[in-house]
Amino acid sequence: MTRENMAEVLEEIARLLELKDENPFKIRAYRQGAETVRNFDGEIVELAANNELTGIKGIGDALRDKLHELASTGRLEFYEKLRAEFPAGLFELFDLQGLGPKKVKALYESLGIASVADLQAACEADRVAGLAGFGAKTQVKILEAISLRATFADTFLLGGISPLVGEILELLRLHPEVSRVTVAGSYRRAKETVHDLDFLVSTKEPKLVCEDFTTLPQVESVIACGETKASVRLKNGLQCDLRAVSNTQFPFALQYFTGSKEHNVALRGLALKQGLSLNEYGFTPTHDAAVIPEANEEAEIYRALGLDFIEPELRENRGELEAAADQTLPKLVELAQLRGTFHNHTTASDGIHTLAAMADEAMELGLQYLGIADHSKSSFQANGLDAARLLEQVEAIAKLNAGYENFQIFAGSEVDILRDGTLDFEDDLLAKLDYCVASVHASFTLSEVEMTRRICRAMENPHVTMLGHLTGRLLLKREPYAVNHAMVIDCAAETRTIIELNCSPMRLDMDWRWWKRARDKGVLCSINPDAHSTQGLHHLGLGIRLARKGWLRKQDVFNTRPLEAVAAFLKTPKAER
Ligand code: DGT
Ligand code: CA
Ligand code: CA
Ligand code: ZN
């Protein structure tokens with residue numbers, strides 16, 4: 001039982017109660033309980049197991065008893081009974097973009113739909129469009145969501161699996177026969193989504209380590225187990241490969257299994273030109289006279305070929321080998337260089353923590369400033385603020401700031417970019433804020449030309465400091481809307497508008513493939529977690545990995561600047577920045 005397991009059970013109870021039309025307060029208590037468990041500062045699983053969860057805000061008596069049962073026995077009778085009231089397949093429906101409890105309930109009760117397969121059949125037979133609250137458009141969208149789900153069935157979010165990777169690495173490290181341990185593959189390269197994990201260990205007992213790997217607690221089933229490699233499927237469906245190699249092979253195996261395949265092909269080509277054949281075991285000379293270089297660390301493999309060390313994030317064969325040969329690789333930005341962050345939500349719109357709580361967490365993370373940007377009024381589904389509530393928030397921020405030393409909250413807004421590219425707030429209101437993030441939250445179906453014009457028009461506004469989540473994509477759930485990246489980047493350069501790297505795990509938007517171009521045009525990046533809770537601020541580390549993948553250096557990332565510099569920048573008119 002982990003903290004995340006406990007939080008998930010509470011969340012699922014909330015969903016089940018929603019399906020049953022239970023009291024909304026009760027439902028909210030479970031949902032808040034889940035967040036409290038996630039954010040709790042301390043050994044919550046252990047405390048729950050020992051029945052010591054007393055006097056904790058957000059965990060009442062009923063919840064405390066349930067968490068105790070769950071943590072001490074690994075089961076919860078209340079939850080199991082509730083779950084048994086519905087067919088198991090019904091829960092798949094919640095994975096589909098756009099389907100919440102209300103719609104799921106309607107589908108189940110009116111049409112007896114109890115699985116994704118049922119839903120697909122019903123949509124194809126045109127039976128869903130006629131339901132109250134659905135319509136022909138929704139039916140089409142549901143079919144699209146179903147087909148996306150099938151495409152992504154074996155794909156996982158980079159940001160979603162990092163705790164799991166950490167757990168498995170830790171367990172492998174504890175193995176007495178293992179010396180070096182790492183994860184390679186797309187995970188190490190910080191691809192936004194990964195298909196499988198590639199673990200690598202050095203050991204003198206490869207077979208034993210492979211066998212033990214297949215018995216890890218996270219494993220659901222064993223796909224293969226041999227002398228030097230094993231493959232398993234984890235309980236969450238993710239496949240994991242393990243390769244067990246000798247200590248001398250380790251750097252070569254690490255280089256090979258980190259990939260990408262394209263990078264490796266190009267690297268092998270370089271090696272061959274120098275009379276060396278390179279594979280996952282080492283160098284072999286292609287003719288008698290050649291000397292075999294030694295390599296105990298991965299960097300020595302690159303050095304032997306006359307290259308600077310190439311950080312894993314850059315290994316996509318997108319110019320990194322040429323830059324390594326010319327000694328012009330960028331010095332990539334690091335997490336410790338971040339001084340603050342922008343674009344975060346609070347209870348004023350759809351966040352779950354207050355201004356003060358968000359600021360406390362930012363200070364806890366060692367940041368000097370925190371930008372708040374709650375939704376604007378057009379985002380009514382997210383409880384967006386109108387002018388009066390926004391001004392109240394500005395005042396509340398000023399009050400809090402008066403009490404801080406060496407820390408500041410910047411008052412902002414995530415203002416909706418309306419269909420025609422105008423903004424949801426008037427200029428004179430925006431002028432009262434420290435900064436503003438402009439984002440598209442509706443009318444996703446415009447043509448590429450119209451969407452690009454819409455976004456550029458918003459960036460031309462002198463009060464728009466930065467552009468939020470450029471494409472609106474939700475990884476594995478919703479495709480990006482059509483937009484011309486190159487034109488948006490040019491417009492950002494011209495209008496001195498910052499582009500955000502939204503590092504919410506589902507977004508990672510703007511995509512890493514565009515950052516080098518933006519950087520070279522002088523466009524600044526702001527790494528923004530779009531946090532809706534204190535925990536959300538912890539995604540900055542994920543943002544850094546994607547910024548690195550996009551070739552960004554410290555000087556390209558706005559929020560590496562110290563507080564005074566940022567405050568001065570925000571006061572300077574855009575055209576003079
Ligand atoms: P994915 O699809 O998210 O798992 O992406 P990767 O890059 O982790 O791909 P994976 O797990 O199939 O293989 C791990 C690495 O092993 C890959 O990045 C490069 C290397 N590799 C695998 N197959 C080949 C191959 O046929 N040729 C070469 N040169 N390298 C390969
Ligand atoms: Ca992989
Ligand atoms: Ca693999
Ligand atoms: Zn947004």
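This is a predicted model: local features need pLDDT of at least 70, side-chain atom pairs count only at pLDDT 80 or more; totals for chains, interfaces and linings use all residues.

How far from an oxygen atom of ligand 1 does a polar side-chain atom of S186 lie? I found 2.6 Å for S186, and for polar contacts I take pairs of N or O atoms within 3.5 Å, where within protein one must be able to donate a hydrogen and the other to accept it, and residues adjacent in sequence count only if both atoms are side-chain atoms. I also noted polar side-chain atoms of H195 at 2.8 Å and of D196 at 2.9 Å from an oxygen atom of ligand 1. The protein covers 71% of the 600 Å² of accessible area that ligand 1 has on its own (Shrake-Rupley method, 1.4 Å probe).

Residues are numbered from 1 along each chain as written, chains are lettered from A and ligands numbered from 1 in written order, and side-chain values use heavy atoms, without hydrogens and water.

I then turned to the zinc ion (ligand 4), which E414 (OE), H441 (NE2) and H469 (NE2) coordinate at 2.0 to 2.2 Å; donors are N, O and S atoms within 2.8 Å of the metal (3.2 Å for Na, K and Ca), and sites may look incomplete because water is not among the atoms. E414 is buried at 1% relative accessible area, and H441 is buried at 19% (buried is under 20%, with a 1.4 Å probe and protein chains only).

Definitions and conventions: Buried means under 20% relative accessible area, exposed over 50%, partly exposed in between (1.4 Å probe, protein chains only).
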